[in-house]
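Please open the model in your viewer and keep the selection tool at hand.

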Amino acid sequence: MSDELLRVQDLCKAFPMGGGFLEGRKRWLKAVDRVSLHLDRGETLGLVGESGSGKSTVGNLILRLLDADSGSVHFEGVDVTRLTGAELTRARARMQVVFQDPQSSLDPRMTVGTIVSLPLKILGLARGGELRERAAASLAEVGMGPECLDRYPHEFSGGQRQRIGLARALAADPAFVVMDEPTSALDVSVQAQILNLMGDLQARRGHAYLFISHDLTVVRHVSRRIAVMYLGAIVETAPTEKLFETPAHPYTRALLASVPVPDPAQRRNLARLTGDVPSPVDLPPGCRFHPRCPEAMPHCASMEPPRVVLAPGHEVVCHLHNRK
Amino acid sequence: MTALLDIRDLSVSFDTYQGRARVLDRASLTVNQGEIMGLVGESGCGKSVLSRSVLRIIPTPPGSIDGGQILFEGRDLLRLPQGEMRRLRGERISMIFQEPMNSLNPVFTVGNQMREVVRAHRRAGRAEATDACLEMLDAVRLPEPRSVLRAFPHELSGGMRQRVMIAMALICNPALLLADEPTTALDVTVQGQILAILAELAGRQGLSILFVTHDMGVVAQLCHRVAVMYAGQVVEIADVGSIFARPAHPYTQGLIASIPGRVSSGELYAIPGSVPSPIDPPPGCRFRPRCPHAKSGGCSDVAPEMVRVAPDHSVACHLFTSGGLP
């Protein structure tokens, strides 16, 4: 395990709900519940789940944009959750993020040059004229010319703005980039440009991605391994092709079966699950998926499912696979 | 088969600060009885404007319908007096939108809003209207329809709200449903449920649907025929099998090749460049600046007309106009 870059262990985060003057008793929304994952240098781990599954919160916790309640995040051997001050800044220079909405994640009053060079300035990696040079170099890597430096975000299309976000993330030469739904706001032809660019940059610079998305086809395309989240917990982790060929968790199976395949020759019933994702406030007891699970057994409602290793790298949290 | 909806050469423009934007340029398509017609294209291609024009709900000004016909059951909707148009909306033609929360009134219960639809279109007592609502909520497979009727929109999940919208749209048993990206805001497992309901309604009740979407996967799973739009124009119409197996227009080919997951890995095809501005579109074929087959001369001078390449397959591209490129 010499090339392990990131190891997340039993990460938990709950947000308080209510508890105000009129809201009655304080309740807790368990956004992330004992999440563990790891990432090697230069690899891409896909993190998929539906809205409210806590996948973005995991990204924010790893980056320390949010503080975890418990658990650890070892990045390059150091526990990021315990860092402060200059040490935290140093760690952050190595981990960057690209957000979903390039409209709101770029300051409309800054020029593109300022936006892209800001991490370098804040992290103290460059100053003066060098800032502009490094910004231009970073933009060149994402296929944008130096004439963009003095223009503003609104002058660019969605796809170009996402390129600017990528240039900003890569300016400080990070080892790890969280991609939080980077193409969800883009059209499919532009999405293809950005996904190709992401792959090229990774091949050239060797950074690792945590690719957060609700879109299974996109995740399949970019990831070597995939972790599936449901209501704050990872229910299955597997190498990409294994997950698509032999999904083990009933939720993963339903999720895969619900994806509309872009081939009219492969029509199928997409209504695999009934009901919506329940609220992460007051989680159901036992397995959190049991109220919607087509294969639920009586003890699923009372007992927490165990983590079962099916094959190297393929783990599932489900009673169905518990052979005792 | 006669067309239920026949849109001919529809042109719509909007006044903007930058100038007049021709958002729809002589767009034509038909929707047959009991058919789900997919209308696909990227953001800004005019697909939503087209569907809204059918109900005449685009804001005028700044918008204006400059020409064309929208024939529905043989009558031109663009020439219908306001009163008749209003009767048609909700009764013969209904619409559902992407974000059901924005389409429901937050301060009234679902029952209140649904009964209003019934009673706007026919003489019905409260009890009779309630029965109609319950029946419709059951048809869209909402559990416990009575408690849904008593609920306020914010008490329902996104999937439930979209089902309420479908129930409300179909309560007067319309002939045509305009669906503008109805599952885009929903999670994939919930999207699957909604698509299954729509497919069943079209199959069982002969409902026709114009389904606007940018998701080619949804098109492949749900639609019978597909119209592809690019920069305000309909560039290709075909049955769903032909669109995926034998796309004729270079734009359609690019659109399909850029979908992830059709090839297992490696580079995706990305259409070079970006969509032109509707204020100053390129002359001739609008796709020419991005087209791998574009030739100087013909493509940049003459706008291609729709030509038939197979019984149910038309395309607007000079590769297929008689004698090839002019």
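Begin by selecting strand β10 (residues 233–239) and strand β12 (residues 314–317) of chain A, which pair in the antiparallel sense over two bridges. Here helices (H or I, at least four residues) and strands (E, at least two) are DSSP runs numbered from the N terminus, and two strands pair if DSSP finds at least two bridges between them. This is a predicted model, in which local features need pLDDT of at least 70 and side-chain atom pairs count only at pLDDT 80 or more, while totals for chains, interfaces and linings use all residues. Residues are numbered from 1 along each chain as its sequence is written, and chains are lettered from A and ligands numbered from 1 in the order in which they are written.

Within this pairing, pick Glu236(A), whose bridge partner in β12(A) is Val316(A). β11(A) and β12(A) form a hairpin with two residues between them, and Gly313(A) in the turn has a positive phi of about 80°.

Staying in chain A, move to two loop residues. Most residues other than glycine have a negative phi, and most peptide bonds are trans. Leu231(A), in the loop between β9 (225–230) and β10 of chain A, has a positive phi of about 45° although it is not a glycine. Is Leu231(A) buried or exposed? Leu231(A) is buried, with 22 other C-beta atoms within 10 Å; a residue is buried if 20 or more other C-beta atoms, placed from the backbone, lie within 10 Å of its own, exposed if 12 or fewer, and partly exposed in between. Glu181(A), in the loop between β7 (176–180) and α6 (188–205) of chain A, also has a positive phi, of about 50°, but Glu181(A) is partly exposed, with 19 other C-beta atoms within 10 Å.

Now switch to chain B and select the loop between α1 (47–55) and β4 (63–72), where Pro61(B) is found. The peptide bond from Thr60(B) to Pro61(B) is cis, with omega near -15°, and the bond from Pro61(B) to Pro62(B) is cis as well, with omega near 10°.

From there, show helix α4 (residues 110–121) and helix α5 (residues 126–139) of chain B, whose axes come within 9 Å and cross at roughly 105°. The axes are lines fitted to C-alpha atoms, for helices over the stretch in contact, with angles from 0 to 180 degrees between N-to-C directions. α4(B) and α5(B) are therefore roughly perpendicular to each other, a term for angles of 65 to 115 degrees. Among the residues that meet are Met114(B) and Val118(B) in α4(B) and Ala129(B) and Cys133(B) in α5(B); contact requires C-beta atoms, placed from the backbone, within 7 Å.

Zoom out to the whole of chain B, which has 12 helices and 12 strands, and of whose 326 residues 49% count as buried. Its C-alpha trace spans about 70 × 50 × 45 Å along its principal axes.

Finally, display both chains: the contact takes 38 residues from chain B and 33 residues from chain A. On the side of chain B that touches chain A, the largest share, eight residues, comes from α8(B).

Technical notes
Parallel < 35°, antiparallel > 145°, perpendicular 65-115°, else oblique. Contact = placed C-beta atoms within 7 Å.
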